[in-house]
Amino acid sequence: METGTSRVKRGMAEMQKGGVIMDVMNAEQAKIAEAAGATAVMALERVPSDIRAAGGVARMADPTIVEEVMKVVSIPVMAKARIGHYVEAKVLESLGVDYIDESEVLTPADDIFHISKEEFTVPFVCGAKDLGEALRRIQEGASMLRTKGEPGTGNIVEAVRHMRLITGQIRKVQNLSKDELYHEAKTLGVPYDLLLGVHETGRLPVVNFAAGGVATPSDAALMMHLGADGVFVGSGIFKSDSPEKFARAIVEATTHYTDYELIARVSKNLGTAMKGIEISKLDRSERMQDRGL
Amino acid sequence: MNIGVLALQGAVAEHIKSIELAGGKGVAVKTVEQLQEIDGLILPGGESTTIGKLMRKYGFIDAIREFARNGKPVFGTCAGLIVLAERLEGAEEPHLQLMNMTVARNAFGRQRESFETDLDVKGIDTPLRAVFIRAPLIKEVGDNVDVLSTYKDEIVTARQGNLLASSYHPELTDDYRLHEYFLNMAKEASANR
């Protein structure tokens, strides 16, 4: 009997496929998310748009919030640790969370090194905006990936860019010859073996969800259309006018992302989505996607 | 043999891969109409609360009950096993209520307690590599249910006529023998129709 094997850790993410993982800040929101059909919840002290508004240093949530959420739902509970913050991750593992997000939404604790995730029993998800970042995170032991997008903006454009870039790079790698692959590994800054795997299978060895800017059912379906395995919704639900309706509608649109009549139906009378931010209006220093490369 | 995999949420592609390795044809099933075109149905792993909700919403509960009543085989893995059970421990409402058994969800604990192990399964000659992820357990079965394997004295594989259930994930390994077993159930059922 073996725990924490790569099959067990990656397999857990496979079970989330086609699902929606929702950010929640307390037990009540967690129950709303579960009732709406979320496949997991991310327990946080503040959603990304509030983190953005508050400024200052964003850290791991108070363990009370995480435990409170774990107590009320039967679906998996995820929580965020700062990039490179080994101890925050160990603390979350000791609480028994089901997945750790080493996340650029929080202020990085280490501006060079990520956590060595291989040695943990609990699996990790990490953000990536291109194939190089994706494979580096997998090499460090991430069992699941997500696009970085631009969290807390309610603007899908960055998540779309990252998903398109990654799938485009995968197609390119598939067509490279052996000798070109060596050079590409060097250019991307990734281990040759992982790149060879992508060349042979035409896919990443772990699931890749969309995250960072999903605000409507159509946004979620768009990301599925672009090849996402599932969707993270951060501020999009509990910053909307009617979280319950938004949550249910996003779940349905993700399952049936090619059924446009259904998406039209679930999009009716949802009320106002979260207020978005135009990306060009963000100062470079406010871009979360540039953290942790 | 066309084997459908219920594709509302969860690990659908892995089951399709395993069923094709075993010699069948895998089909992702998203609508109740598609049940007409298949000889057997797999309920995959995923989150049972999500899958159950979507099944109710799209009319799958009655449709799959009818499918099973017609003698066509159904195979539930992990969340799929929960969906098949007549009785569930805890707050979750039972879903299809087809298999005469009581199931406990997340019976081994949280993700850090998830594991893989070699498992003896009746009808398969050498041990099967079984991956348990936040897995459920079969706490008790009725007389009409055959126990095919146990782990530490707890039931983890069971069969009731045309219904098969495992609390682990046979689709996460390259060993497709349990899928082959299910494919044979579908062949027998089709021969008897």
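The dialogue below treats the interface and then the salt bridges.

Author: Please note at the outset that this is a predicted model.

Reader: How is the size of the area buried between chain A and chain B to be read?

Author: An interface is often sized by the accessible area lost when the parts come together. Here about 3,000 Å² is buried between chain A and chain B, with carbon and sulfur atoms giving 51% of it. On the side of chain A, the residues that lose the most area to chain B are A:Met1, A:Arg7 and A:Met15, together 23% of what that side buries. In terms of contacts, 40 residues of chain A meet 36 residues of chain B.

Reader: How many residue pairs are in polar contact across the interface, and which element of chain A gives the most to the side that touches chain B?

Author: The rule finds 26 residue pairs in polar contact across the interface of chain A and chain B, both residues being at pLDDT 80 or more. Elements of chain A that each supply at least two residues to the side touching chain B include strand E1 (2-3), helix H2 (27-36) and helix H12 (243-255). H1(A) gives the most, with six residues. By class, that side of chain A has 16 nonpolar, 15 polar and nine charged residues.

Reader: Which strand of chain B is joined to E1(A), and in what direction do the two run?

Author: E1(A) is joined by two bridges to strand E7 (residues 115-119) of chain B, and the strands run antiparallel. Within this pairing, A:Glu2 stands opposite B:Glu116.

Reader: How many salt bridges are counted between chain A and chain B?

Author: Side chains of opposite charge can pair when their charged atoms come close. Six salt bridges are counted between chain A and chain B; A:Asp98 and B:Arg134 meet in a salt bridge at 3.1 Å, N to O. Over all chains, the whole structure holds 36 salt bridges.

Reader: What does the salt bridge of A:Lys80 with A:Asp101 tie together, and are its residues buried or exposed?

Author: The closest N and O atoms of A:Lys80 and A:Asp101 are 2.7 Å apart. A:Lys80 lies in strand E4 and A:Asp101 in strand E5 of chain A, so the pair ties together parts 21 residues apart in sequence. Both A:Lys80 and A:Asp101 are buried.

Reader: Why does A:Lys172 count as partly exposed?

Author: A:Lys172 counts as partly exposed because its relative accessibility is 45%, whereas A:Glu184, at 11%, counts as buried. The side chains of A:Lys172 and A:Glu184 meet in a salt bridge at 3.4 Å, N to O.

How values were computed: Residues are numbered from 1 along each chain as its sequence is written. Chains are lettered from A and ligands numbered from 1 in the order in which they are written. This is a predicted model: local features need pLDDT of at least 70, side-chain atom pairs count only at pLDDT 80 or more; totals for chains, interfaces and linings use all residues. Side-chain values use heavy atoms; hydrogens and water are left out. Contact means heavy atoms within 4.5 Å. Buried area is the accessible area (1.4 Å probe) that two parts lose on being put together, summed over both. A salt bridge is a side-chain nitrogen of Lys or Arg within 4 Å of a carboxyl oxygen of Asp or Glu. A polar contact is a pair of N or O atoms within 3.5 Å; within protein, one must be able to donate a hydrogen and the other to accept it, and residues adjacent in sequence count only if both atoms are side-chain atoms. Helices (H or I, at least four residues) and strands (E, at least two) are DSSP runs, numbered from the N terminus. Ala, Val, Leu, Ile, Met, Phe, Trp, Tyr, Cys and Pro count as nonpolar, Asp, Glu, Lys and Arg as charged, and the others, Gly among them, as polar. Two strands pair if DSSP finds at least two bridges between them. Buried means under 20% relative accessible area, exposed over 50%, partly exposed in between (1.4 Å probe, protein chains only).
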